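Visitor: I have a structure to look at, and I would like to learn how to read its features. Please take me through a few of them.

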Amino acid sequence: MTDPQLWWYVARASGLVAWAAMTGSVVWGVLLATRVLRSIDNPAWLQDLHRWLGGTALIMAGLHMLSLMLDTWTHFSPTEVLVPFAAGYRPLPIAMGIVAFYLLVAVYGSTLLRPRMPQRFWKALHYGSYASAILVSFHAGWSGSDVGSWGYRLAAFTLLGLTTVAVLVRVLTAAAPLPPPPRRHAAPPRPMTVTATYPLAREVLGVDLSMQDGTELPIWTPGAHVTLYLPGGLTRCYSLCGDPADRSRYRIAVHRAGSSRGGSTWLHANAAAGAILDVSGPDNHFTLEPAPEYIFVAGGIGITPIRAMIEALPAHRRWRLVYIGRSRATMAFSGELQQRWPEHVSVYARDETGVRPDLARILDGTTAAVYCCGPASMTEELAALVPAPRLHIERFTPISQQLDGPRRAFEVTCTRSRTQVHVSAHQSLLDALESAHLPVYSSCREGICGACQLRVLAGHPEHLDSVVGDEDKDRADIIYPCVSRSRTSSLTLDL
Ligand code: FES
């Protein structure tokens, strides 16, 4: 015979699960919004878990309310379960639970409709999740029939504590000014050993690098690159394209370009197992940010950071790769990618198609985040097609930028080192800082890699780099001194 209190048990269990899932969703949401664990987290996974927990909380809360209506022992009518203050039993805490449920519906619904609503509106609605989590805690702690049991109290304190910490972290990080960029020191690059080389495609050499002393390598995230210091003063940046979880080696792919300035030619001729190379990084200015859908566009060797991003995506993420090259024989990873994800990957080899694919048609109507790494012609075409907030670009070459007027000298005050530096009209800011023996970490020295980033405390920079958009730099008060200068007669730097 069915237990007459079955629905009562279901109501209690589903209520507890809804509360735990709600708390988990808030905690994961705060981790996602603040990225306080940026060095070890993965935004795509954080977002998936955040959403899954939110959906679970909603379903369990619905089941909790339904089972209360079906339960013949406690006798809650639909009106008492759905209308605040209609219940005769503990009307205030019950009303809190009902309002929390409606807030949860609004928050989750707005997330599903996010692509169709203004970001500000979605964000404002999303703050309702904090109120919902707090109301749920009061509802459960005040009206729950298990309040007297020690197990329930322990769970309640844990969940309420987690919610409180999450809300505090969110409030404090929102109120705090943007964190200063990580301090970079001109530490000497570390020697690394080439452990293997192998052809990845015609003119593309795969190179595996490990620490010379066999120790673990620093963690990296998809989109990151390392800088190689080659003979003759050459420095070259290469995207990492291996497995981020493999701490024993970095994998890069080196394309010997016809336009090589010497770096790739040297590596093709000299990189062999056992060779020692000076390497710095990894650095990442092409990070994979959370989005419901992605379109990746890779041109030639631009596939390397994109491949690492694709590998990091959760299995059910909506994505598509448009991979363009001269011929399949020159396109690293093209066969492997198409074999593993045939429904996601489109390879356009110009010796087969004759023309480049119509990117305007491919991107027509999409709201996906677009990540592109490729030659200037490709990145410029995409910049004209995709709104800046949805477009993420890594360039092979810098955008050509013009100064607004003649090159002028300016003065720089470096607050930490208490040093004044004069930058002449014919000198880069980075050169002037280095001449004054101020250590600035740098890599490409062309305004592409972002390694030399410094924080501006006063003055108005003239941005000439190709790392990120000017608005982002001004909002974060940063400058890339290898190419950028000053609009004002003086700049104050946090250096
Ligand atoms: S050194 Fe690469 S952006 Fe300045």
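Visitor: In which helix does I134 lie?

Guide: Keep in mind that this is a predicted model. I134 lies in helix 6.

Visitor: Is I134 buried, partly exposed or exposed?

Guide: Burial is read from relative accessible area: under 20% is buried, over 50% is exposed, and partly exposed is in between. I134 has 35% relative accessibility, so I134 counts as partly exposed.

Visitor: Which residues make the nonpolar surface patch?

Guide: The patch is made by F85, L92, I134, F138 and W142, and its area is about 510 Å².

Visitor: Which helix gives the most to the nonpolar patch?

Guide: Helix 6, which spans residues 128–143, gives the most, with three residues.

Visitor: Next, salt bridges. How many does the structure hold?

Guide: A salt bridge is counted when a side-chain nitrogen of Lys or Arg is within 4 Å of a carboxyl oxygen of Asp or Glu. The structure holds 16 salt bridges.

Visitor: What is the distance between the closest N and O atoms of E311 and R307?

Guide: In this salt bridge they are 3.9 Å apart. The two residues are four apart in helix 9 (residues 303–312), so about one helical turn separates E311 from R307.

Visitor: Where in the chain are the partners of the salt bridge between E336 and R307?

Guide: The side chains of E336 and R307 meet at 2.9 Å, N to O. This pair links distant parts of the chain, with E336 in helix 10 (residues 334–340) and R307 in helix 9, 29 residues apart. E336 has a relative accessible area of 27%, so E336 is partly exposed.

Visitor: What does the salt bridge between R356 and E381 tie together?

Guide: The closest N and O atoms of R356 and E381 are 3.0 Å apart. R356 lies in the loop between helix 11 (350–353) and helix 12 (359–363), while E381 lies in helix 13 (residues 376–385), so the pair ties together parts that are 25 residues apart in sequence. R356 is partly exposed, at 25%, and E381 is partly exposed, at 30%.

Visitor: Which residues do salt bridges that share partners join into one network?

Guide: D208, D246, R249 and R251 are joined in that way.

How values were computed:
Residues are numbered from 1 along each chain as its sequence is written. This is a predicted model: local features need pLDDT of at least 70, side-chain atom pairs count only at pLDDT 80 or more; totals for chains, interfaces and linings use all residues. Side-chain values use heavy atoms; hydrogens and water are left out. Patches are made of residues with over 30% relative accessible area and no salt bridge: like charges are joined within 9 Å, nonpolar side chains (Val, Leu, Ile, Met, Phe, Trp, Tyr) within 5 Å. Accessible areas come from the Shrake-Rupley method with a 1.4 Å probe; for residues, only the protein chains shown count as cover. Buried means under 20% relative accessible area, exposed over 50%, partly exposed in between (1.4 Å probe, protein chains only).
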